Amino acid sequence: RVKTQAANPSTRQQQAEFFFSDTYRTHLPEGAVRYCADNNATYILKQLRRGDFEPELFLDLHGLTRAQAKREIAALLNACQREHVSCCAIMSGHGRGILKDSLPHWLVQHPAVRAFHQAPPHHGGQASLLVLVHLPE
C-alpha cells in the first residue's frame, strides 16, 4: 500500500481522500481500456500500450472493498505527485470484475490523471492499468 508522509494525521487523511463517484460513468472506447485527458497528446496512449513508460509505484487492489480501493487510489496519486513519479501501475485483478470495471471510471474523475492504458503483459496485462500523472511544477 502507498503511505502518505504528511506532518499530521488529519493532513494525511485529507491528502488521501478524494471523492470518486460510483454513479459517474465515462464513455470508454472499444478494445483495450484507455483514456487521455483533453489537454494531452493522444500519442501517449500508444507509448503506454508499448510499455515506453516504466511504473515506479505499484498498487494492488486485490481483496479491498470499493471504499478501501478508492482511498488507496487517491493516496497513490497523491504520492506520485509528492514524489514526482509520472507513471504508476494499478492492479485490479480479474476476480468478479467489480474493481476492474470501476477503476477507469474513478480515474477519469481525478484531476491528477493525464492518461491511462491497459498495461502490457509484463506489467499485468488486462488485470492492470498504467497511469500517467500530472506532476506539480
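The model is predicted: local features need pLDDT of at least 70, side-chain atom pairs count only at pLDDT 80 or more, and totals for chains, interfaces and linings use all residues. Residues are numbered from 1 along each chain as its sequence is written, and side-chain values use heavy atoms, with hydrogens and water left out.

**Fold**

- The chain has 4 helices and 5 strands. Both are DSSP runs numbered from the N terminus: helices are H or I with at least four residues, strands are E with at least two.
- Starting at the N terminus, the order of elements is α-β-α-β-α-β-α-β-β.
- Contact means heavy atoms within 4.5 Å. Take the contacts between residues at least 6 apart in sequence: 71% of them join residues at least 24 apart.

**Surface and burial**

- Of the 137 residues in the chain, 46% are buried. Buried means under 20% relative accessible area, exposed means over 50%, and partly exposed lies in between (1.4 Å probe, protein chains only).
- The chain exposes about 7,500 Å². Carbon and sulfur atoms supply 49% of that area. Accessible areas come from the Shrake-Rupley method with a 1.4 Å probe; for residues, only the protein chains shown count as cover.

**Salt bridges**

- Side chains of opposite charge can pair when their charged atoms come close.
- The whole structure holds 4 salt bridges. Each puts a side-chain nitrogen of Lys or Arg within 4 Å of a carboxyl oxygen of Asp or Glu.
- One of them joins Asp22 and Lys70, with the closest N and O atoms 2.9 Å apart. Asp22 sits in the loop between α1 (9-16) and β1 (34-36), and Lys70 sits in helix α3 (residues 66-82), so the pair ties together parts that are 48 residues apart in sequence.
- The two partners differ in cover. Asp22 is partly exposed at 34% relative accessible area, whereas Lys70 is buried at 14%.
- Asp22 and Lys70 also belong to a network of salt bridges that includes Arg66.
- Arg50 bridges to Asp52, and their closest N and O atoms are 2.4 Å apart. Arg50 is partly exposed at 40% relative accessibility. Asp52 is partly exposed at 43%.
- Glu83 pairs with Arg82, with 3.3 Å between the closest N and O atoms. Glu83 is partly exposed at 42% relative accessibility. Arg82 is partly exposed at 30%.

**Aromatic pairs**

- A pair of aromatic rings is described by the distance of the centres and the angle of the planes.
- The count is 2 aromatic pairs. Rings of Phe, Tyr and Trp (its six-membered ring) pair if their centres lie within 6.5 Å; planes under 30 degrees apart are stacked, over 60 edge-to-face, and the rest tilted.
- The ring centres of Phe20 and Trp106 are 6.3 Å apart and the planes meet at 35°, so this pair is tilted. Phe20 lies in the loop between α1 and β1, and Trp106 lies in helix α4 (residues 98-107), so the pair ties together parts that are 86 residues apart in sequence.
- Phe20 and Trp106 are both buried.

**An exposed loop residue**

- Gln126 lies in the loop between β4 (113-118) and β5 (128-133). Its relative accessibility is 52%, which counts as exposed.
- Beyond its neighbours within four places in sequence, Gln126 is in contact with His94, Lys100 and Gln118.
- Gln126 and Val33 are 93 residues apart in sequence, and their C-alpha atoms are 8.4 Å apart in space.
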